[in-house]
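I opened this notebook to record what I looked up in the model, taking helices before charged pairs.

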Amino acid sequence: MWTDTHLHLDAQEYDHDRMAVVSRALKEHVNRFVLPAVHADHFNALIALAHRTPGAVYCLGIHPLFVHQSTDYHLDTLRDALQQNRDDPLLAGVGEIGLDGFVPGLDWNRQVKFFHAQLKMARDFDLPVVMHVRKAQDPILKGLRMFKPTSGIAHAFNGSFQQADHFLNLQMKLGFGGACTFTRALQLRRLAADLPAEALVLETDGPDIAPEWINRQRNEPAHLPRIATVIAALRGKELTELARIVHNNTIDALPALARIPIA
């Protein structure tokens, strides 16, 4: 049993075969899916998709790459959506939120404003966070220390061991996926191999961050068990042991997953 902790199932890349993508995942024993939002305009569609997808939960948030398309009105929309859906068992957290220090031309101060506003909402609603942390680990950590959300995931983690320790001390888990299957990704593979067992959760970031065997093609959750096999080998562990560890870690990060039936 595997959980894909980061899947953009609402992405247009899946428009022609979305439910077939889910079916292929279920056949590979990937039977829980975390669907993060990227923009307030898409919240209702994402919620509806989660409710018709076996094993899915959802997060609501505004992605840092979309803050330039967003206003304070959209932050109000997020708060209203969290309030209206707070009793929905499929609401798993606030996300995908965070900061991006990689893409050129983004307004950093605006990113920080939206990130901190959404961290405050996570605290106010007692929800975990799912975070985009690309080349922004230290300012992300600063925000976590300020607002202290209960738990969450640093998605696609690729920081240092010291930064990893800080995330763990703040009750965050670290997401690993297809990028660590590339043999040239030496630092990332060292992290996947040597971080404490309680650090790891698994993800695809489908349709993005494809593993090595489908490099530059569309990613999907059916590839998660093979990604897990690579990580188990890096750690020198049996696959069944890794499955048990990441299952427990995933529930710790996103407790809503414990409430839903297994697909």
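Entry 1, helix length. I took the expected span of a helix as 1.5 Å times one less than its number of residues. The model is a predicted one. I checked H8 by this rule: the helix has 12 residues and reaches 16 Å from its first C-alpha to its last, close to the 16 Å expected. I then checked H3 (residues 72–84): its 13 residues should span 18 Å, and its end C-alpha atoms are 18 Å apart, which agrees.

I listed the buried residues of H3 as His74, Leu75, Leu78, Ala81 and Leu82. They cover an arc of only 120 degrees around the axis, which puts them on the same side of H3. On the other side of the helix I found Tyr73 and Gln84 exposed. I noted that the cover over the buried residues of H3 includes helix H2 (43–52), strand E3 (56–60), strand E4 (91–98) and helix H4 (108–124).

I recorded Leu224, Pro225, Ile227, Ala228, Val230, Ile231, Ala232 and Arg235 as the buried residues of H8. Among the elements they pack against are strand E1 (2–4), helix H7 (186–194) and helix H9 (239–253). After H8 comes Gly236, with a positive phi near 70 degrees.

What does the side chain of Arg235 lie 2.9 Å from? I first looked for a salt bridge and found that Arg235, although buried, has none; the nearest side chain of opposite charge, Asp194, is 6.6 Å away. I then found the backbone oxygen of Ala192 at 2.9 Å from a polar atom of the Arg235 side chain. Residues that Arg235 touches include Ala193, Leu195, Pro196 and Leu242.

I noted 10 salt bridges in the structure. In one of them, Glu220 and Arg24 meet through their side chains at 2.8 Å, N to O. Glu220 lies in the loop between E8 and H8 and Arg24 in helix H1 (residues 18–27), so the pair ties together parts that are 196 residues apart in sequence. Glu220 counts as buried at 8% relative accessibility, whereas Arg24 is partly exposed at 33%. Arg218 also forms a salt bridge with Glu220, its closest N and O atoms being 3.1 Å apart. I recorded that salt bridges with shared partners join Asp17, Arg24, Arg218 and Glu220 into one network.

Key. Residues are numbered from 1 along each chain as its sequence is written. This is a predicted model: local features need pLDDT of at least 70, side-chain atom pairs count only at pLDDT 80 or more; totals for chains, interfaces and linings use all residues. Side-chain values use heavy atoms; hydrogens and water are left out. Buried means under 20% relative accessible area, exposed over 50%, partly exposed in between (1.4 Å probe, protein chains only). Lys and Arg count as positive and Asp and Glu as negative; His and the chain ends are not counted. A salt bridge is a side-chain nitrogen of Lys or Arg within 4 Å of a carboxyl oxygen of Asp or Glu. A polar contact is a pair of N or O atoms within 3.5 Å; within protein, one must be able to donate a hydrogen and the other to accept it, and residues adjacent in sequence count only if both atoms are side-chain atoms. Contact means heavy atoms within 4.5 Å. Helices (H or I, at least four residues) and strands (E, at least two) are DSSP runs, numbered from the N terminus. The arc is that of the directions from the helix axis to the C-beta atoms. Lists of a residue's contacts leave out its neighbours within four places in sequence.
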